Amino acid sequence: MNRILRGVAPASLMLVMSASCLCQSLPTTEGETLSGKHIVLADATHGHTAVLVAGFSHEGGMGTGAWLKAVKADPALAGVAVYQVAMLEKAPGFIRGMIKSGMRKGLSAAEQDNAVVLTQDEKLWQSYFDVSDDKDPYVVLIDAEGKVLWHGHGPAGEVEPQLRAALQ
């Protein structure tokens, strides 16, 4: 009996580890870019390293701008695709258009193509980004297979050096 239980414990542990790895998969929720294109981030990022910068509230969304500037200005991150993600599920439908319009201001066409608005699966995305405070911006670095290499949250100036170090 002990031999059987010893065999079950490692198998159970592997199952738990596999389950925890599954939540690291990029959700396949369809969103819309600020340029009006439909996009699934899991498909768009497949095959290359990418940084996802997400906001889950007005305050968190406001903090994504500093992250985008920091990532784009860092030579170590040159060539890494960068996507801004705005979760608007909780925003009333009649306000979403105004939010998107405000987000578009000052963005080039290319930047609008990489700014993604999501309106569903908020809990799934919060789990993926490991959100503990929706007032912070959240950042994830993924490899070409979608594996999370690094994740963090908070002001860009305090955390961005950790992101850069994760690439090396």
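Tutor: Two strands are paired if DSSP finds at least two bridges between them. Helices (H or I, at least four residues) and strands (E, at least two) are DSSP runs numbered from the N terminus. The model is predicted, so local features require pLDDT of at least 70 and side-chain atom pairs count only at pLDDT 80 or more, whereas totals for chains, interfaces and linings use all residues. Residues are numbered from 1 along each chain as its sequence is written, and side-chain values use heavy atoms, with hydrogens and water left out.

Student: Which residue in the turn of the hairpin formed by β6 and β7 has a positive phi?

Tutor: Strands β6 (residues 138–142) and β7 (residues 148–153) run antiparallel and are joined by five bridges. Within this pairing, Leu141 stands opposite Trp150 of β7. The hairpin leaves five residues between the strands, and the turn residue with a positive phi, about 90°, is Gly146.

Student: How many residues apart in sequence are the parts that Asp113 and Lys37 tie together?

Tutor: The side chains of Asp113 and Lys37 form a salt bridge at 3.3 Å, N to O, the criterion being a side-chain nitrogen of Lys or Arg within 4 Å of a carboxyl oxygen of Asp or Glu. Asp113 belongs to helix α5 (residues 109–113) and Lys37 to the loop between β1 (30–33) and β2 (38–40), so the sequence separation of the parts they tie together is 76 residues.

Student: Is Glu122, in relative accessibility, buried or exposed?

Tutor: Glu122 forms a salt bridge with Lys90, with 3.9 Å between the closest N and O atoms. This pair links distant parts of the chain, 32 residues apart: Lys90 is in the loop between β4 (81–87) and α4 (93–104), and Glu122 is in helix α6 (residues 122–129). Burial is judged by relative accessible area with a 1.4 Å probe and protein chains only: under 20% is buried, over 50% exposed, and in between partly exposed. Lys90, at 63%, is exposed, whereas Glu122, at 5%, is buried.

Student: Which residue is linked with Glu160 and Arg164 in a network of salt bridges?

Tutor: Glu160 and Arg164 meet in a salt bridge of 3.0 Å, N to O. Both lie in helix α7 (residues 156–167), four residues apart, which is about one turn of the helix. Glu160 is buried at 8% relative accessible area, while Arg164 is partly exposed at 28%. The network that contains Glu160 and Arg164 also includes Asp74.

Student: Which residue with a positive phi follows α4?

Tutor: Helix α4 has twelve residues and reaches 17 Å from its first C-alpha to its last, close to the 16 Å expected at 1.5 Å a residue. That expected span is 1.5 Å times one less than the number of residues. With a positive phi near 80°, the residue that follows α4 is Gly106.

Student: What kind of aromatic pair do Tyr128 and Phe129 form?

Tutor: Rings of Phe, Tyr and Trp (its six-membered ring) pair if their centres lie within 6.5 Å; planes under 30 degrees apart are stacked, over 60 edge-to-face, and the rest tilted. Both Trp125 and Tyr128 lie in helix α6, three residues apart, about one turn of the helix, and both are buried. Tyr128 also pairs with Phe129, and the centre distance of 5.4 Å with 90° between the planes makes that pair edge-to-face.

Student: Which element gives the most to the largest nonpolar core?

Tutor: A nonpolar core is a set of buried Ala, Val, Leu, Ile, Met, Phe, Trp, Tyr and Cys residues joined through side-chain atoms within 4.5 Å. The largest has 22 residues, and those with the most contacts inside it are Leu26, Leu41, Trp125, Tyr128 and Phe129. Two or more residues come from each of β2, α2 (41–45), β3 (50–55), β4, β5 (115–118), α6 and β6. With four residues, the element giving the most to this core is β4.

Student: How many residues are in the other core, which lies apart from the largest nonpolar core?

Tutor: Within the largest core, Trp125 is one of the residues with the most contacts. Leaving aside neighbours within four places in sequence, Trp125 is in contact (heavy atoms within 4.5 Å) with Leu26, Pro27, Thr29, Leu41, Phe56, Met87, Leu118 and Gln120. The other core, which lies apart and includes Val51, Val53, Leu77 and Val82, has 14 residues.
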